[in-house]
Amino acid sequence: MQPPDVTQPPDVTRPLEEENRMGCLAIGIQCLIGAVFLASSAGKVTGRRAFDRFVSSVAGMQVVPFRSARSVARTVVAAEGAVCVCLAVPVPAATVVGLAIAAGLLAVFTAGIALSVRRGVRTPCRCFGASQAPLGPRHIVRNLVLTAAAVTGAAAVSAGGTATPGGVAVAVLGGLLLGALVAALDDILDLFRPVEAGTRPYGT
C-alpha cells in the first residue's frame, strides 16, 4: 500500500505578503519623490524673483558657464516638472520613467554640488527656492539617499505587486510626510544652528 500523502499545501500567503510589501514600497517612494520634486519645482518659480534667485545659485555653483546658467535653470525646472507629471499618471510605465528621470537629475545634482563643495564654493542652496543654507555635505548625502530611493522605487514598480487599501493609505501618508520633511530639512536644521554674536537679541 502507498503511504498517505502528508505533504503540506503550498503557502499562498507568503507571495501575497511579498506583493503587498513591494506594492506599498513602490507607492511610498512614488509619493516621496513626487512630493520632493513638486516642492522643488514650485519653490523655484513661485514668488517674485524666485527663478532669478535660482539662476544666480546655478551660476554661483561655478559648474556651468555663466552665460548658460539661465538655460540650465530652465532645463532643471522643466525636468522636475516632467517628473511630477510622470509620477501623477496612474500607469506603471510612466511611474518608472518619472523615477528614472528623478534618479538621473539627482545624480547630476549630486555631482554638481560635490564639485562646488570641493572648490570651496558656498553659494546658497536654492534646491527648494527660498533656502539660504550654503551648499555642503548634507546636500550630497540627501541627494544620494533620494537617488537610491528613486532607483529602488523604479525596481519595485517594475516588479509589480498589489497593496491592500490600508497599505496604500499608510504608504501614501508616509511618503508625503517624508517628502515634506526632506523639503524642509534645511529650515529644520537652521533652527539648531548656533546664533552668532552679532545677531543675538538686545540685552542677551
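In this predicted model, contacts in the chain (heavy atoms within 4.5 Å) between residues at least 6 apart in sequence join residues at least 24 apart in 70% of cases. The chain holds 7 helices and 0 strands. Of its 204 residues, 37% count as buried. Buried means under 20% relative accessible area, exposed means over 50%, and partly exposed lies in between, with a 1.4 Å probe and protein chains only.

As this is a predicted model, local features need pLDDT of at least 70 and side-chain atom pairs count only at pLDDT 80 or more, while totals for chains, interfaces and linings use all residues. Residues are numbered from 1 along each chain as its sequence is written, and side-chain values use heavy atoms, with hydrogens and water left out.

**Fold and surface**

- From the N terminus on, the elements run α-α-α-α-α-α-α. Helices (H or I, at least four residues) and strands (E, at least two) are DSSP runs, numbered from the N terminus.
- The accessible surface of the chain is about 12100 Å². Carbon and sulfur atoms hold 68% of that surface. Areas come from the Shrake-Rupley method with a 1.4 Å probe; for residues, only the protein chains shown count as cover.

**Nonpolar cores**

- The largest nonpolar core has 29 residues. Such a core is a set of buried Ala, Val, Leu, Ile, Met, Phe, Trp, Tyr and Cys residues joined through side-chain atoms within 4.5 Å.
- Leu32, Ile33, Val36, Phe37, Val83, Leu99 and Leu146 have the most contacts inside this largest core.
- H1, H3, H4 and H5 each give two or more residues to this core. H5 gives the largest share, 7 residues.
- Leaving aside neighbours within four places in sequence, valine 83 is in contact with Ile33, Phe37, Gly98, Ile101, Ala102 and Leu105.

**Largest pocket**

- The largest pocket has a volume of about 500 Å³. A pocket is found on a 1 Å grid over the protein atoms alone, as an open set of points where a 1.4 Å probe fits, with protein on both sides within 12 Å along at least five of seven lines. Lining residues have an atom within 4 Å of a point. Volume is the space filled by probe spheres set on the points, which are joined across faces, edges and corners.
- Its lining counts 31 residues, with Phe54, Met61, Val76, Phe109 and Ile113 nearest the centre.
- Helices H1 (13-45), H2 (50-61), H3 (69-88), H4 (92-118) and H5 (137-159) each supply at least two lining residues. H4 supplies the largest share, 7 residues.
- By class, this lining has 22 nonpolar, 5 polar and 4 charged residues. Ala, Val, Leu, Ile, Met, Phe, Trp, Tyr, Cys and Pro count as nonpolar, Asp, Glu, Lys and Arg as charged, and the others, Gly among them, as polar.

**Second largest pocket**

- The second largest pocket has a volume of about 210 Å³. Of its 14 lining residues, Ala26, Ile27, Pro92, Val157 and Gly161 are closest to the centre.
- H1, H4 and H5 each supply at least two residues of this lining. The largest share, 5 residues, comes from H1.
- This lining has 9 nonpolar, 5 polar and no charged residues.

**Single residues**

- Serine 57 sits in helix H2. Serine 57 counts as buried because its relative accessibility is 5%.
- Beyond neighbours within four places in sequence, serine 57 is in contact with Thr123, Pro124 and Arg126.
- Glutamine 62 is in the loop between H2 and H3. Its phi is near 65°, a positive value in a residue other than glycine. Most residues other than glycine have a negative phi.
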